[in-house]
Amino acid sequence: MNFNLTQIPERTKKPRTHGLTMVMDKGLSLEEARNFLSAAGPHIDILKLGFGTAFVTPNLRAKIELYQAANIPVYFGGTLFEAFVIRNQFDEYIKVVKDFGINYMEVSDGSITIPHAEKCGYIEKLSKIGLVLSEVGSKDAEHIIPPYKWIELMRAELAAGATYVIAEARESGNVGIYRGSGEVREGLVQEILTQIPAEKIIWEAPQKAQQLYFLELVGCNANLGNLAPNEVISLEAMRIGLRGDTFNLFLDRE
């Protein structure tokens, strides 16, 4: 840090196993990515090339190598995985991942229906070649999954080999663990946490109020995902009580 302050909560150190900040790149240029890293690189743990953007991103290989040179793991969004699966090109997906030197992979079923046993089979296969993040929850706001089912799915996917489960919210933060307004489904979240370790869940939380909720609930080392590139520094400040929303969270006034 740039100077000394007491009563700052202890953040986990990179490479972190929890306290993760996962950022979504939805189409930064190579130069924008370079500038982004110069500003926020030390606070980024994982970088997702959002949904299917990798298919149309110019200079894709150079951008992936840029992030990896900064020791930031890169992975393709789950929608791209689903695009390969729906076309019966799962083996081709593995070839693409290996060709680009990517060893983090997201397995999701938010846009297509995959029988859960089959989804766990994909997780098991991919976990043999890298680290798997499996996404739970639907992108369809009308599809409400009861808490017991979230727990059942998360538990099975972790058992199949996923290192983390991602709680779905989309990049807008208005489905899955959130209501259409963006409000957290608090009962759902708290019930999940009775059965699934917080360290194993990445909460998609693109909105500030959502980030604040999980920092208050889990602590400064909550795993948070789907961050916009320009929100990384402000989130890190909020994590350690240096933003108005969390200013009093970690102070000992006695």
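**Close-up 1. Where helix H8 meets helix H9.** Lys 208, Gln 211, Leu 212 and Leu 215 in H8 touch Leu 235, Met 238 and Arg 239 in H9, where contact means heavy atoms within 4.5 Å. Sort the residues of this contact by class and you get 4 nonpolar, 1 polar and 2 charged. For that sorting, Ala, Val, Leu, Ile, Met, Phe, Trp, Tyr, Cys and Pro count as nonpolar, Asp, Glu, Lys and Arg as charged, and the others, Gly among them, as polar. This is a predicted model, so to speak of a local feature takes a pLDDT of at least 70, side-chain atom pairs count only at pLDDT 80 or more, and totals for chains, interfaces and linings use all residues. Residues are numbered from 1 along each chain as its sequence is written, and side-chain values use heavy atoms, with hydrogens and water left out.

H8 covers residues 208-218 and H9 covers residues 232-239; they pack at an angle of about 30 degrees, with their axes 11 Å apart. Helices (H or I, at least four residues) and strands (E, at least two) are DSSP runs, numbered from the N terminus. The axes are lines fitted to C-alpha atoms, for helices over the stretch in contact, and angles run from 0 to 180 degrees between N-to-C directions. H8 and H9 are therefore roughly parallel to each other; angles under 35 degrees count as roughly parallel, over 145 as roughly antiparallel, 65 to 115 as roughly perpendicular and the rest as oblique. The crossing of H8 and H9 is right-handed. A crossing gets that name if the near helix is turned clockwise from the far one by less than a right angle, and is left-handed if anticlockwise.

**Close-up 2. Thr 246, in the segment after H9.** Thr 246 counts as buried, at 1% relative accessibility. Buried means under 20% relative accessible area, exposed over 50%, and partly exposed in between (1.4 Å probe, protein chains only). Setting aside neighbours within four places in sequence, Thr 246 is in contact with Leu 212, Ala 237, Met 238 and Gly 241.

**Close-up 3. Helices H1 and H2 side by side.** The axes of H1 (residues 30-40) and H2 (residues 60-69) come within 10 Å and cross at roughly 10 degrees. That's why H1 and H2 are roughly parallel to each other. Leu 30, Ala 33, Arg 34, Phe 36 and Leu 37 on the H1 side meet Ala 62, Lys 63, Leu 66 and Tyr 67 on the H2 side. By class, this contact has 7 nonpolar, no polar and 2 charged residues.

**Close-up 4. Helices H4 and H5, with a look at Tyr 93.** H4 (residues 90-99) and H5 (residues 116-126) pack at an angle of about 30 degrees, and their axes are 12 Å apart. H4 passes H5 in a right-handed crossing. From H4 come Phe 90, Tyr 93 and Ile 94; from H5, Tyr 122, Lys 125 and Leu 126. The tally for this contact is 5 nonpolar, no polar and 1 charged.

Zoom in on Tyr 93 in H4. Tyr 93 is buried, with a relative accessible area of 1%. Not counting residues up to four places away in sequence, Tyr 93 touches Phe 81, Phe 84, Met 105, Glu 106 and Leu 126. Tyr 93 and Leu 80 are 13 residues apart in sequence and 8.8 Å apart in space, C-alpha to C-alpha.

**Close-up 5. Glu 204 in strand E7.** With 1% relative accessibility, Glu 204 counts as buried. The side chain of Glu 204 makes a polar contact with the side chain of Asn 226, at 3.4 Å. A polar contact is a pair of N or O atoms within 3.5 Å; within protein, one must be able to donate a hydrogen and the other to accept it, and residues adjacent in sequence count only if both atoms are side-chain atoms.

Close-up 6. Most residues other than glycine have a negative phi, and most peptide bonds are trans. Now look at Lys 14 and Pro 15: a cis peptide bond joins them, with omega about -5 degrees. Asn 59 has a positive phi of about 55 degrees although it is not a glycine. For Asn 88, phi is near 60 degrees, again a positive value in a residue other than glycine. Asn 88 sits in the loop between H3 (78-86) and H4, and is exposed, with a relative accessible area of 72%.
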